[in-house]
Amino acid sequence: MSARGGRIALGAAVVLAAATLPFVAGPFWMGLVTQMIVFGLLALSVDLLLGHAGLFSICHGSFFAVAAYTTAILQVRHGAPTVLAAPAGLLAGTLLGLVFGLAVRTRGVYFILITIAFGYVVWGVAHRWSSFTGGDNGVTNVPFPAVAGVRVESHTEYYYLALVVAALCALGYRVLIRSPFGLALRGIRGSESRMRTLGFDSNRHLYAAFVLSAALASLAGVLYVYYNRFVNPVAASFPVSVEAALMAIVGGSGTIVGPFIGSAIILGLRNWVSSFFELYAAIMGIVFIAAVLWVPEGLVGLAARLRGRAARA
Amino acid sequence: MTVAVEVAEVVKEFGGLRAVDGVSLRVAAGERRVLIGPNGAGKTTLFHCITGTLPPTAGRIAFFGQDITRLPEHRRTALGMGRTFQISNVIAELTCLENVMLAAVGIDGRKWVLHRPMAVFADVRERARAGLELVGLVHRADETARRLSYGERRQLELALALTSQPRVVFLDEPCAGLSPSERLRISTLIGGLPRDLTVVMIEHDMDVALGLADRVTVLHQGRVILEGSPDEVQSNSEVREVYFGHG
């Protein structure tokens with residue numbers, strides 16, 4: 001079979017498996033898989049910066065959480081319909097991205113530190129401004145989304161919704177990273193000084209990438225809150241932002257499926273380990289270290305390397 | 001005579017060191033100007049100031065009559081500056097063709113296109129291939145720049161500078177470290193560039209420098225010590241002293 005034929009067959013198998021999954025798996029597993037899709041989307045948003053532009057952002061939990069809170073507050077407290085609450089969440093997270101995007105004036109470790117600080121600001125607000133955010137309890141009783149009389153009635157239906165949204169995002173993302181803009185991001189990562197002498201205003205390109213990435217993280221936040229049915233400050237916490245990057249790295253940074261695979265591995269592992277071991281966070285730390293030391297290209301990259309070795313042998 | 005590049009009393013200090021110490025020079029449109037001088041003369045630093053990589057401490061720089069002293073680097077490129085670096089500065093993880101395609105859209109609004117793949121812009125691809133063809137690298141178009149030899153990287157560097165359609169191109173030792181045959185190839189290529197393209201070049205190899213230059217500027221310890229035709233420079237005793245040593 002040709003490589004192209006192989007890929008089409010693999011793609012068809014994945015689509016078929018995804019479509020029939022609810023008929024085999026119970027509600028618990030469907031919930032977990034939906035979570036994997038949602039956090040995979042968050043990891044994908046982080047990876048636009050990490051895997052293409054070469055910026056390590058640790059504040060994407062902020063966009064995710066601000067979008068989730070906005071949608072939840074509008075829907076629960078103000079009775080806003082989904083058709084208003086969901087876009088408003090997306091908009092709020094993206095607007096925050098326009099502000100936090102100023103971080104692209106810095107590079108390297110300063111960029112990382114600034115984004116960590118931004119993340120803590122949002123977490124602090126979510127945590128302490130209880131009258132607005134609900135404090136530690138957050139906002140609860142978020143209903144399933146309903147648009148124009150069509151209502152999502154179950155976790156299975158929500159799974160299909162998340163799957164379609166994620167697939168559309170992945171397709172859009174694919175176009176983006178192959179566009180002149182996407183190529184320029186990789187150029188900036190490779191040699192910013194060279195790109196400037198070719199006429200690129202690198203800060204503006206990185207800023208645009210940052211805002212797009214924040215928008216995608218916000219979309220993940222909106223998907224999250226309708227799945228989770230509540231949001232609390234944990235969504236804005238440091239571990240969420242770090243884990244999103246970890247997912248991208250473990251799965252394969254710079255690819256599209258990588259962040260989703262990473263999300264499945266991390267969430268699957270956490271689910272499994274935490275059922276018998278309280279210190280699952282320590283296990284996550286070890287996974288992170290092992291991935292960076294031995295498989296820095298992630299599982300997708302590792303698979304490509306092994307295939308290359310097999311082809312040569 | 002149109003003045004392409006005018007540098008007036010430019011100073012660049014690093015801490016207490018004056019790397020460029022009040023340099024003035026004018027390069028006419030279409031001229032081939034070569035800067036020579038011993039190591040540490042300030043040639044590359046002067047290049048950095050002209051192309052905007054470094055801001056000058058003092059002085060003024062004009063490009064076709066327009067003051068560009070405070071203009072950011074990418075805007076200078078848009079006005080028509082192209083440059084190569086002394087140490088090859090190519091994007092190692094991209095292919096040669098991708099490198100040059102970026103050069104082709106760098107001063108073009110299409111660098112902001114994000115909803116269509118680069119591949120649909122056939123003219124960009126054509127220009128990029130033409131750039132690679134010019135430097136003799138078209139057979140390596142789909143090779144990752146990381147895998148190029150040292151000499152091939154120098155060629156790619158030149159293709160990047162020329163594909164952004166500059167009016168003036170600044171070449172920082174394009175032949176440094178090349179074998180004699182590669183050196184000949186590059187210097188022939190530079191000699192054959194269209195005459196309406198102004199070339200300012202730093203070159204250590206006196207044969208290459210004097211063979212290509214219309215005029216030569218000699219820098220020493222951050223200052224211009226002589227400017228003249230290749231013959232004048234070659235016969236000047238002060239130049240012989242600082243550049244070739246005594247004897």
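So, in chain A, V257(A), G258(A), I261(A) and G262(A) of helix α12 meet G298(A), L299(A) and V300(A) of helix α14. Keep in mind that this is a predicted model. If you sort the residues of that contact by class, you get four nonpolar, three polar and no charged.

How do the two helices sit against each other? For α12(A), residues 257-273, and α14(A), residues 298-312, the packing angle is about 115°, and the axes are 7 Å apart. Angles of 65 to 115 count as roughly perpendicular, so that's the word for α12(A) and α14(A).

Okay, over to chain B and its strands. Take β9(B), residues 215-220. With β3(B), residues 32-36, β9(B) pairs in the parallel sense, over four bridges. If you want a spot to look at there, find I36(B), which stands opposite V218(B).

β9(B) also pairs with β10(B), residues 223-228, and this time the strands run antiparallel, joined by five bridges. Here H220(B) is opposite R223(B). These two strands make a hairpin with two residues between them, and Q221(B), in the turn, has a positive phi of about 50°.

Last bit: where the chains touch. On the chain A side we have 21 residues, in contact with 30 residues of chain B. Which helix of chain A gives the largest share of that side? That's α8(A), with eight residues. Helices α7, α8 and α9 of chain A each put in at least two. And by class, chain A's side comes out as eight nonpolar, eight polar and five charged residues.

Conventions
Residues are numbered from 1 along each chain as its sequence is written. Chains are lettered from A and ligands numbered from 1 in the order in which they are written. This is a predicted model: local features need pLDDT of at least 70, side-chain atom pairs count only at pLDDT 80 or more; totals for chains, interfaces and linings use all residues. Axes are lines fitted to C-alpha atoms, for helices over the stretch in contact, and angles run from 0 to 180 degrees between N-to-C directions. Angles under 35 degrees count as roughly parallel, over 145 as roughly antiparallel, 65 to 115 as roughly perpendicular and the rest as oblique. Two residues are in contact if their C-beta atoms, placed from the backbone, lie within 7 Å. Ala, Val, Leu, Ile, Met, Phe, Trp, Tyr, Cys and Pro count as nonpolar, Asp, Glu, Lys and Arg as charged, and the others, Gly among them, as polar. Two strands pair if DSSP finds at least two bridges between them.
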